[in-house]
Amino acid sequence: MSSPGLWQHGHGSQHPMKPERLRRTFELLDQLGALRADNVEVVEPRMATGDELALFHTPEYIEITRQLSNGEQNLSAEKYGYGPGDNPIFQGMFDTESLKVGSSLRAAQLLHEGACEVAFSFGGGLHHAGPGFASGFCVFNDCVVAIQWLLNQGLRVAYVDIDVHHGDGVQNAFYDTDRVLTLSLHQDGRTLFPGTGFVNEMGTGDGTGFSVNVPLPPQTYDGAYLRAFEEIVPSLLKRFEPDVLVTQLGVDTHYTDPLASLALTTTGQQTLYGLLGEMAPKWLALGGGGYALDVVPRSWALAFGEMAGYGLQKSLPKAYREKYGGKYLRDQQGPDINDAVRFRVDEAVDSVIVEVKRAHNIN
Ligand SMILES: [Zn+2]
């Protein structure tokens, strides 16, 4: 799913959620020839309608967001999570953010119609927004809207969130139902926004046991992350038997990301994409965070390669290199982690694995 409308407006030049992240990703995929593969179709989404946004958001919030986006003053923006800092109001906000929801929703519809097995809405993955408030750079929660639409078609949905931040908005939306399994691996909430996502957040009522959290210590590197993932995610997905796997593929787990402290490389991220693809009956892949501009396009291009089964060249295309710098698609270097840190991370990750397995009866 792609449209220039996804990157025409942004939160402002000082804000880390730059629309350029999406534009560069599209450029890189285009220049790699990935979009011209026989089994690939680029679909231009439309904006979500008010009714579609209302699959999750309150009518009041939708209307307020529209008015603020139109430049109306005299509204209590703070009450709805808006203001300078994380969620500034910007020109074109309503249309841009509705288009992101429309993109993820159209992707869900194409999967349901059987038009494809995998759909990638890389402008989506805005997992922090609540029903009536903006949060953590997220205005509308396309993840929840798309999942809710799939539920309305009678499907079982599993959601796996590998963004470095806890997928709080999605977890909260489905906290009391057993029809959605939400799994989030993220940097420990004691050290990062939004401060939630602990193992004991397991759901409530019918949803008890259907929210799964894997909080990881700062400096968690490829090997430790993949160990936690493989010990926990496959068996839970197998047990749940979803019809559709929805994934939030934030790449802010990267070791150079300026907003967080995990230590993955694009090699580790690519392994994760491959594992998710293997486990997905149908795969709705969404974007997410990632604030190192040279990482986001490369990592999502690697994700796209896994989705399409498209073997990508090693070097960045010449035109892309000349415009943005860099040489290779995959990282040629990794984080500098000494033995003492590695030992501490391994110990902490192993104890989280034990805790999650015990809480969720994983053998
Ligand atoms: Zn994030």
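Some ground rules. Residues are numbered from 1 along each chain as its sequence is written. The model is predicted, so local features need pLDDT of at least 70, side-chain atom pairs count only at pLDDT 80 or more, and totals for chains, interfaces and linings use all residues.

Now the pair. Helix α4 covers residues 93-113, and helix α5 covers residues 142-152. Helices here are DSSP runs (H or I, at least four residues), numbered from the N terminus. How do we describe packed helices? We use the angle between their axes and the distance between the axes. For α4 and α5, the angle is about 30° and the axes are 9 Å apart. Axes are lines fitted to C-alpha atoms over the stretch in contact, and angles run from 0 to 180 degrees between N-to-C directions. α4 and α5 are therefore roughly parallel, a label for angles under 35 degrees.

Which residues meet? From α4, K100, V101, S104, L105, A108 and H112; from α5, D142, V145, A146, W149 and L150. Contact means C-beta atoms, placed from the backbone, within 7 Å.

Look at A146. Leaving out residues up to four places away in sequence, A146 touches S104, L105, A108, V246 and L284.

Is α5 mostly covered or mostly open? Mostly covered: nine of its eleven residues are buried. Buried means 20 or more other C-beta atoms within 10 Å of a residue's own, again placed from the backbone. Among the buried ones are C143, I147 and Q148.

Last stop: just after α5, G154 takes a positive phi of about 85°.

Key
Helix = DSSP H or I, 4+ residues; strand = E, 2+ residues; numbered from the N terminus. Parallel < 35°, antiparallel > 145°, perpendicular 65-115°, else oblique. Contact = placed C-beta atoms within 7 Å. Buried ≥ 20, exposed ≤ 12 C-beta atoms within 10 Å, placed from the backbone.
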